Amino acid sequence: MEIGIVCARSAFLYGDTQCSSVTDEVLSGWPVRIHRKCGGLLEIVTHYGYGGWVNGSAIRRVLPEEYGFWGFWGSGNVVPRTSFFQCRECLEPAILCKGITDILSGPKVQAHILSTLFMGSTVLAVGEPQDGWQQVKAAGEICGFVPSCSLLRYSHMEKIHISKETDGFIPSCSLMRGGKNVIPQKEPGEITPETERLLRSSILRYAESYLGTQYRWGGKSHAGIDCSGLAFMAYYMCGILIYRDAAIADGYPVHEIPSSQMKPADLLYFPGHVALYLGDGRFIHATGNLKTFGCTINSLNAGDPDYRGDLAESLIAVGSIFP
C-alpha cells in the first residue's frame, strides 16, 4: 500500500469513480493511504479512517517517515525529534488556525501571495518565528511566510489526557498565567474541571469561527461546510479525531450520554444531522435549510425566535468525548 499527503489546497472525496457524489473534503498536508488507482483517480483512506476517491493530482506520494511527520495531529503520538526532516532542517509540523491564511513570498503584508490554505491544513514551520512572521513549507512544496499567530505549533500546545481513548490539545497560552501552569492535571488520566471547561470552550470557539459560512455538502472549510464537517473540524482543531458523519461510530471517542447530562461542546444527533450544543438549549450547526443555508445558531427552546422545532422534536442521541 502506498502513502501520500494532500498537496492541493483542498480536494473532495467521491463515493465512486464516476464522481457522482461528494462524501468529504481533505485539506492540504493531511496524510492518506492509497489503496488503488482508476484512471486519474486514487482510492484513499484518510488518517481519520474515512475513505473515497480523489483526483490523483491532489496527492503527493511520500516515504513512511514523512507520512508520520505530517500525520501527527490527533494521533496521540509525539512528533519524532530526530526525523529525517529535522536532521537536515529545523522543521516542526504545525496547524493553520485561522479561517483562511495566505502564504506570502516574504515577511511583509505587501508580499506576493504564493498560496492560500484553509484552517486545519498542516504545514511545516521552518525555524523559529521572527518579528511576528513564521517561515513555512506547505505540502505542495511552496515555501513562504505567514503571521506566527496563524499557526498552532506542537511545541506550543498543552496535551490534555481526557480518557483512555482520547487526548486533546489546548494552546499553552490558554493554560498559563505568569509563566506557570495553573491548571495541572491531578493524576495521569484525570482531567480537571477547569481543563475540561477550557477544552470545551476551545471546541466551541472553533465551531463559531464558521458562523456565516455557506452550506456545502461534504465541505470542511470556510469556503463551505456541512453539519458533520463542522463538528469534525471543531474537534479536529483541538487534536481530537471524531467520526466524520452524523452518527456515533465504534472506534471513535464519542460515546452516548443521557440528554439530561449534555454540556457545551457535546454533540446533538438528529436523523442525518449533527450539531454542537452551546448551552441553555442553544446549538450551532451547518444546515442546508434554505432559510439560512449555512453555519448558524438555533434553539431547542420553543419560546425562542430561532427555535427549530423540526430538530427539537427529532433529537435521537447526545454524544460526548468526556468521561
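Modeller: What follows is an account of the salt bridges. The model is predicted, so local features need pLDDT of at least 70 and side-chain atom pairs count only at pLDDT 80 or more, while totals for chains, interfaces and linings use all residues. Residues are numbered from 1 along each chain as its sequence is written, and side-chain values use heavy atoms, with hydrogens and water left out.

A salt bridge here is a side-chain nitrogen of Lys or Arg within 4 Å of a carboxyl oxygen of Asp or Glu. By this rule there are 16 salt bridges. One of them joins R200 to D266, with 3.0 Å from N to O. This pair connects distant parts of the chain, 66 residues apart: R200 belongs to helix α3 (residues 193-208), and D266 lies in the loop between β21 (255-257) and β22 (267-270). Helices (H or I, at least four residues) and strands (E, at least two) are DSSP runs, numbered from the N terminus. Buried means under 20% relative accessible area, exposed over 50%, and partly exposed in between, with a 1.4 Å probe and protein chains only. R200 counts as buried because its relative accessibility is 8%, and D266 is buried because its value is 1%. Elsewhere, salt bridges with shared partners join D24, K220, D226 and R244 into one network.

Two further pairs include partly exposed residues. E43 bridges to R36, where the closest N and O atoms are 2.6 Å apart; E43 is partly exposed because its relative accessibility is 22%. K159 meets D167 at 3.7 Å, N to O, and K159 counts as partly exposed because its relative accessibility is 32%.
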